[in-house]
Amino acid sequence: MNFKINKAILSLFVLAFAVVLMPHIDAKAATQEEYQIFSQVLNADYYAAMNPDVAAKADGSYIYYLEHYIKYGVYEGRNASGTFNATDYMIKNPDLAAVFGNNMPAYVVHYVLSGKAEGRDGTPSVGALATDMPQTYTLLGAYTTEYDPNAARGHNIEVAAEKVDGTVIAPGATFSASNSIGKRTSANGFVEAPVFINKQHATGIGGGVCQVSSTIYAAMKTAGIKATERHPHSLPVYYLPEGWDATISWGSLDLKFVNTYDSNIVVFVFADEGHLTAALYLQN
């Protein structure tokens with residue numbers, strides 16, 4: 001009896017969760033729950049090899065592959081890996097199809113939460129031969145914040161994101177957000193934008209870069225990585241909950257953490273159409 005109750009509760013949870021994961025073709029950023037669930041089925045190296053059209057736009061960003069699969073690939077029937085395809089999972093499990101219909105993210109959620117443990121088959125009907133393709137990186141944590149891409153600070157956010165994207169932290173080494181982004185000068189591509197100075201609103205070169213460091217800090221929190229240096233803003237920020245932000249100032253304030261893993265940590269940061277995503281990956 002308890003088993004049936006638990007299964008019923010699980011089905012309701014999956015269905016409710018899947019409603020949140022309905023397609024957003026307006027480039028809406030993925031949620032933290034989506035990152036954690038979908039990263040468990042996606043092999044980004046496999047996805048890149050099997051989808052050269054996506055790889056051509058990804059420019060090596062692993063977070064791009066994850067977001068693409070969440071927002072488009074799962075609906076287009078693309079394989080997440082050599083061992084999972086949501087469409088094939090639907091076809092091979094008619095009992096689930098009767099519940100979820102064409103709500104493709106629901107099959108990903110079900111497979112991760114219970115289907116894999118139950119031994120249900122989600123193997124792709126095409127492209128399953130590359131199951132031995134190694135996964136270069138494993139997602140530790142990710143977070144997305146929003147910004148105005150048409151504002152001056154939006155320009156600075158995109159410049160800073162590009163500068164820090166792909167930063168590698170060796171075992172035992174320290175990550176510095178300030179050093180990774182570089183000096184906030186016009187020569188480095190930054191422009192004047194609103195900033196906080198001594199609890200006052202002001203304007204300065206590079207205004208907005210602290211949203212990049214703050215989003216990285218939020219990703220650190222989801223990954224369980226503790227900061228060795230972190231400073232809150234002097235005023236509340238609109239894009240993160242209280243206590244999740246991290247301001248930086250060249251030569252004085254910084255966001256830092258030490259890589260305590262035995263493998264490299266890679267920081268990927270992707271800014272596009274008003275959504276800034278920071279993701280920490282462990283190199284396998």
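Colleague: Which residue in β7 is the bridge partner of Ile169?
Modeller: The bridge partner of Ile169 in β7 is Ile265. Please note that this is a predicted model, in which local features need pLDDT of at least 70, side-chain atom pairs count only at pLDDT 80 or more, and totals for chains, interfaces and linings use all residues. Residues are numbered from 1 along each chain as its sequence is written, and side-chain values use heavy atoms, leaving out hydrogens and water.

Colleague: In what sense do β2 and β7 pair?
Modeller: Strand β2 (residues 167-169) pairs with β7 in the antiparallel sense, over three bridges. Two strands pair if DSSP finds at least two bridges between them. Strands are DSSP runs of E with at least two residues, helices are runs of H or I with at least four, and both are numbered from the N terminus.

Colleague: And how many bridges join β7 and β8?
Modeller: Eight bridges, again antiparallel, join β7 to strand β8 (residues 275-283). Val266 stands opposite Tyr281 in β8.

Colleague: Is β7 mostly covered or uncovered?
Modeller: Strand β7 (residues 265-272) is mostly covered, with six of its eight residues buried, that is, under 20% relative accessible area with a 1.4 Å probe and protein chains only.

Colleague: Turning to helices, at what angle do α9 and α11 pack?
Modeller: Helix α9 (residues 152-164) and helix α11 (residues 209-223) pack at about 50 degrees, with axes 7 Å apart. Axes are lines fitted to C-alpha atoms over the stretch in contact, and angles between N-to-C directions run from 0 to 180 degrees.

Methods: Buried means under 20% relative accessible area, exposed over 50%, partly exposed in between (1.4 Å probe, protein chains only).
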